[in-house]
Amino acid sequence: MATTAQLFEEPFDADEYIERLAWRTPGGGSKGGAEAFDPKRLLEEFENHIEELKLLDERIQRRVEKLEHQCHREAKEFAHKVQDLQRSNQVAFQHFQELDEHISYVATKVCHLGDQLEGVNTPRQRAVEAQRLMTYFNEFLDGDLRSDVFNNPDKIKEAADIIQKLHLIAQELPFDRFADVKAKIASKYHDLERQLIQEFTAAQRRGEIGRMRELAAVLLHFKGYAHCVDVYIKQCQEGAYLRNDVFEDTAVLCQRVNKQVGEVFSSPETVMAKLIQNIFEIKLQAHVKDKLDTTRHSDVEQYLKNLYDLYSKTTALATKLTEFNLGSDKHTFLSKLIKSIFSSYLESYIDMEREYLRTRGAMILQRYYDSKNHQKRLIGTGSIQELKERIRQRTNLPLGPSIDTHGETFLSPELVVNLLQETRHAFERCNRLSDPSDLPKNAFSIFLLLVEHLCVDHIDYALEIGLSAIPSSDAKNANLYFLDVVQQANSIFHLFDKQFNDQLMPLISSSQKLAECLHKKKETIEQMEVKLDTGIDRTLNCMVGQMKHVLATEQKKTDFRPEDENNVMIQYTTACSKVCSYVSRQVEHVRKSMDGKNVDVVLTELGVRFHRLIHEHLQQYSYSSMGGMLAICDVAEYRRCAKEFRVPLVLQLFDTLHALCNLLVVAPDNLKQVCSG
């Protein structure tokens with residue numbers, strides 16, 4: 001195998017190299033088996049190859065030395081070249097500094113010469129300009145405008161520049177000597193100004209933005225520049241209001257004009273602000289006045305709706321307009337424009353809102369009572385009524401004649417929805433139209449009207465009628481409708497509370513009026529709760545009275561002392577059956593009329609009174625052995641009925657009563673033993 005430097009290039013594996021060398025040596029590998037292996041031949045081959053490697057190493061070493069020598073020589077040559085280049089660079093840098101100093105010297109001389117030339121040329125130019133203006137002034141003095149600049153329509157821009165300067169000069173001249181020429185210059189000034197505005201208008205109609213920009217730049221130095229802007233604004237609005245929505249048309253117009261004014265005028269924000277001011281003070285104000293003045297005294301409801309709608313659309317439009325450049329304080333600018341349109345309407349808004357709500361609420365209430373053919377009773381006020389109320393609360397006595405309402409609760413969900421709907425709209429208008437400082441006060445006044453109409457004139461009145469309609473506890477076959485009043489009043493108050501939280505609270509939550517609102521709400525709730533408690537208590541008394549009446553008429557003394565004790569076939573008495581049936585109906589009625597914990601509270605009270613009645617009733621009779629069994633059966637039925645209350649206390653009371661009744665069937669001799677153990 002020929003030995004070359006390429007055999008040792010990376011990656012080099014010595015084991016593989018030796019294996020390859022042995023494999024190529026005859027008798028050195030595994031060919032032919034163990035008989036063919038010749039170690040001497042392999043040793044000889046290894047020794048020869050080692051000699052070749054030594055020779056190769058010597059050759060490579062000589063070559064490395066040669067290359068190192070060459071590298072050292074070239075490094076020295078390169079170092080000499082670098083030194084020569086550094087010297088050349090130093091010489092060039094010195095030359096550059098000299099050249100820079102020379103250029104600075106020349107530039108200084110040139111600037112000085114330029115200043116000298118300017119000092120000479122400026123007075124000369126002024127003199128030439130003065131001479132030129134004097135020449136034109138002489139033409140006005142002679143009354144003969146011979147110069148081409150005044151007679152050539154194409155040179156109107158140059159003529160405008162000249163006449164503007166002559167007009168300024170003429171103002172400094174004494175009137176007595178130059179009155180005629182001053183008048184001629186002023187006349188020509190106004191003629192050119194009018195021509196420029198006419199050309200600007202014509203260019204605007206043709207849509208020539210470049211020409212408009214040139215003429216606007218010339219007119220900028222004339223007194224009629226403001227008139228030019230006014231003409232532009234007026235012409236922009238021609239044909240812009242073709243739809244019924246003036247606000248949308250205004251937004252589209254401003255969007256279109258905003259792109260144009262930046263290309264035409266040097267101060268586009270001023271022109272844009274003037275356009276918007278013109279639209280607000282003329283177009284929008286006329287539109288608002290037309291919409292509101294026609295309904296202000298004839299249809300207050302429509303007037304309030306229109307005011308809310310117009311004000312909302314105007315503020316929405318102002319929000320869109322803030323994206324344009326209108327100057328440094330565009331928000332204040334737009335707020336003043338809105339205030340100028342609506343200030344006279346907003347000052348009287350809350351008074352009209354309250355008057356409308358007061359009238360509308362009274363009408364809704366009256367319409368409801370008229371539909372029921374009901375003449376609303378006057379609920380007394382003052383010290384006598386307060387005395388009656390206190391007596392009724394303390395004694396639970398029905399004061400005044402009982403009224404038969406024929407099952408009518410005098411509470412209307414439809415009426416309540418109408419009142420709450422009107423109030424919701426009023427809160428929305430109040431939030432939009434009220435000044436932020438007056439918002440809590442105005443919202444509170446609307447809330448008071450809602451309390452007056454809904455809570456006092458409707459719910460409280462229905463409670464008073466319901467209380468008057470509750471029969472006495474000893475009435476027979478009385479119809480109890482007060483629980484229906486309770487149910488509807490509860491549903492209505494949930495709606496009232498929802499509106500309080502959803503719509504009133506956001507308006508007053510961060511103001512001092514919050515405490516007043518919460519106090520008023522709490523006071524209203526407490527007043528109604530007192531009447532509800534009184535009515536429920538009297539209703540429960542009536543229920544107990546009904547049960548007492550059934551027991552008195554249906555329960556016979558022979559029920560518990562039957563004449564023939566061997567032929568008793570009934571499971572419980574007729575009185576028990578009717579009482580349980582009546583109680584079951586009333587329990588179901590209570591569940592439908594109450595919600596939450598009130599169900600358990602009322603049923604607990606009814607159950608306790610029911611138990612007391614049965615306990616006292618059973619104590620009035622004497623019992624035979626079979627009669628005791630019948631009494632136990634009755635109490636068992638009463639206990640089954642008590643389970644419908646789902647109140648542990650009531651069930652416990654009847655369990656105890658049932659255990660006591662078991663003593664009725666115990667022999668007298670065994671009573672002591674039963675009681676003790």
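**Reading aromatic ring contacts**

Biologist: Is F645 buried or exposed?

Modeller: Buried means under 20% relative accessible area, exposed over 50%, and partly exposed in between, with a 1.4 Å probe and protein chains only. F645 has a relative accessible area of 0%, so F645 is buried. This is a predicted model, where local features need pLDDT of at least 70 and side-chain atom pairs count only at pLDDT 80 or more, while totals for chains, interfaces and linings use all residues. Residues are numbered from 1 along each chain as its sequence is written, and side-chain values use heavy atoms, leaving out hydrogens and water.

Biologist: How many aromatic pairs does the structure hold?

Modeller: Rings of Phe, Tyr and Trp (its six-membered ring) pair if their centres lie within 6.5 Å; planes under 30 degrees apart count as stacked, over 60 as edge-to-face and the rest as tilted. The structure holds 14 such pairs. One of them, Y232 with F265, is edge-to-face, at 5.1 Å centre to centre and 75° between the planes.

Biologist: Which parts does the pair of Y232 and F265 tie together?

Modeller: Helices are DSSP runs (H or I, at least four residues), numbered from the N terminus. Y232 lies in helix α7 (residues 225–236) and F265 in the loop between α8 (246–264) and α9 (268–293), so the pair joins parts 33 residues apart in sequence. Y232 is buried at 1% relative accessible area, and F265 is buried at 4%.

Biologist: Why is the pair of F610 and F645 stacked?

Modeller: Their ring centres are 6.3 Å apart and their planes at 15°, so the pair is stacked. F610 is in helix α19 (residues 597–618) and F645 in the loop between α20 (625–643) and α21 (648–661), 35 residues apart.

Key: Helix = DSSP H or I, 4+ residues; strand = E, 2+ residues; numbered from the N terminus.
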